[in-house]
Amino acid sequence: MSESEMRAVKKEITSGFSESAVHYEKYADLQKQMADRLIASLEPWTAIIPEGPIIELGCGTGFVTEGLLELYPDRKIECVDIAPGMIDYCQQKFADNDNVTFQVKDAEELIPDQPEYALTISGFTPHWFQNPAITLKKWLEATKPGGLLLTSFPGSESFPQWREYCQQLGIPYTGNILPDVEEMVIKMSLGPAQVDYYEDTIYQSFESARNFFEYLKKIGAGTQTEGRGLTKREMNLLINEWDASSTGDTVKVSWHGVFLAVKRDYD
Ligand SMILES: C[S@@+](CC[C@H](N)C(=O)[O-])C[C@H]1O[C@@H](n2cnc3c(N)ncnc32)[C@H](O)[C@@H]1O
């Protein structure tokens, strides 16, 4: 992909999320569940991380931020998001919290080259980065020795049903390429760090596959980052096939949920 194509994709990701803050807050149930689990995985570490600020990459409407503020009511928390609409939403939602700041920023740019943060956290965001493993590796370097980088994202084994029906119909699979856990773990393990991860499958049910695609759009997550989109006819074929092959009244969508915890060791 050329530089200008990448910029165009990023712009689309930004406006998709920016315009969807209200819907995201209301309908992003799976993302909320993943945020709660990410915060639960942080609890045992709460008192262990070194002194210093916390940075959250891709705060969205603040599902993770909320948990951070409960665990760290007095610590400086810097939240960034590429989407101005998300930042506006959080600024209003957390207006009473003095220890948190919000900034419109691309988390793939201007990453500090010195260890500054006690905790770097990013819930369900790295799969929107152009280079998830490289970007997170740089953020690990911006994390203090003894500190922690904690993240969650949908992994490369998400959406097996969607893939299967596309293959059966001979149409392209238009889901985005999602991070490969093994590659991520290998990259993060290079250097002074201990990597731990957990993966499982999370199911969503919809009345029709059409509702799944509409849900992605509604929460701002509908941007296709590569390749051509399906024609209307292909989309209808896919939806009909997926619906017809489903047992019971609902269509099942399987997400590959990944949680990654990287403890930055002393050099
Ligand atoms: C699926 S939402 C997750 C939001 C929140 N962390 C949560 O758990 O609900 C992904 C968020 O990442 C943001 N995002 C995408 N690419 C980004 C980038 N390069 N830098 C910063 N934020 C980004 C989007 O604007 C969106 O708010």
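## Helix H5

Helix H5 has Gly85, Met86, Ile87, Tyr89 and Cys90 among its residues, and these five are buried. The elements that cover the buried residues of H5 include helix H1, helix H2 (21-27), helix H4, strand S2 and strand S3. The model described here is a predicted one.

## Overall form

How many helices and strands does the protein have? The secondary structure comes to 10 helices and 7 strands. The C-alpha trace spans about 55 × 40 × 40 Å along its principal axes.

A compact globule of 267 residues would have a radius of gyration near 18 Å, and the protein's value of 19 Å agrees with this. Of the 267 residues, 35% count as buried. Among the contacts between residues at least 6 apart in sequence, 79% join residues at least 24 apart.

## The sheet

In what order do the strands of the sheet lie? The sheet is open and has 7 strands, in the order S3-S2-S1-S4-S5-S7-S6, and its pairing is mixed. At the edges are strand S3 (100-104) and strand S6 (193-206), each of which pairs on one side only. From one strand to the next, the twist averages 15°. Helix H5, residues 84-93, packs on this sheet and touches S2 and S3. The direction of H5 makes about 160° with the direction of S3.

In general, strands of a sheet pair through backbone hydrogen bonds, and the pairing is either parallel or antiparallel. S6 and strand S7, which covers residues 251-264, run antiparallel and are joined by 14 bridges. Within this pair, Ile202 has Trp255 in S7 as its bridge partner, and Ala193 stands opposite Arg264 in S7. Strand S5, residues 143-154, also runs antiparallel to S7, with 7 bridges between the two. Here Leu150 stands opposite Ala261 in S7.

## Surroundings of the ligand

Which residues come nearest to the ligand? There are 25 residues around the ligand, and of these Phe17, Gly58, Gly60, Ala107 and Gly123 come nearest. By class, the shell is made up of 17 nonpolar, 5 polar and 3 charged residues.

Several elements contribute to this shell. Helix H1 (3-18), helix H3 (29-42), helix H4 (63-71) and strand S2 (77-81) each supply at least two of its residues. H1, H4 and S2 are also among the elements that cover the buried residues of H5.

## Two buried residues

Arg264 is found in strand S7. Is Arg264 buried or exposed? Arg264 has 26 C-beta neighbours inside 10 Å, and a residue with 20 or more counts as buried, so Arg264 is buried. Beyond residues up to four places away in sequence, Arg264 touches Leu140, Thr143, Lys144, Pro145, Gly146, Gly147, Leu149, Pro192 and Ala193. Ala193, in this list, is also the residue that stands opposite Arg264 in the sheet. Arg264 and Ser189 are 75 residues apart in sequence, while their C-alpha atoms are 9.8 Å apart in space.

Thr135 is found in helix H6, residues 132-141. Thr135 is buried because it has 20 other C-beta atoms within 10 Å. Leaving aside neighbours within four places in sequence, Thr135 is in contact with Ala107, Glu108, Pro126 and Phe129. Ala107, one of these contacts, is also one of the residues that come nearest to the ligand. The C-alpha atoms of Thr135 and Glu109 are separated by 8.8 Å, and the two residues are 26 apart along the chain.

Most residues other than glycine have a negative phi. Which phi values do Leu110 and Phe159 have? Leu110 has a positive phi, near 50°, and Phe159 has a positive phi of about 60°.

Leu110 is found in the loop between S3 and strand S4 (117-123). With 9 C-beta neighbours inside 10 Å, Leu110 counts as exposed, because the limit for an exposed residue is 12 or fewer. Phe159 lies in the loop between S5 and helix H7 (160-169). Phe159 has 19 C-beta neighbours inside 10 Å and therefore counts as partly exposed.

Conventions
Residues are numbered from 1 along each chain as its sequence is written. This is a predicted model: local features need pLDDT of at least 70, side-chain atom pairs count only at pLDDT 80 or more; totals for chains, interfaces and linings use all residues. A residue is near a molecule or strand if its C-beta atom, placed from the backbone, lies within 6 Å of it. Helices (H or I, at least four residues) and strands (E, at least two) are DSSP runs, numbered from the N terminus. Ala, Val, Leu, Ile, Met, Phe, Trp, Tyr, Cys and Pro count as nonpolar, Asp, Glu, Lys and Arg as charged, and the others, Gly among them, as polar. Two strands pair if DSSP finds at least two bridges between them. Axes are lines fitted to C-alpha atoms, for helices over the stretch in contact, and angles run from 0 to 180 degrees between N-to-C directions. Two residues are in contact if their C-beta atoms, placed from the backbone, lie within 7 Å. The radius of gyration is taken over C-alpha atoms; the globule rule is 2.2 Å times the number of residues to the power 0.38.
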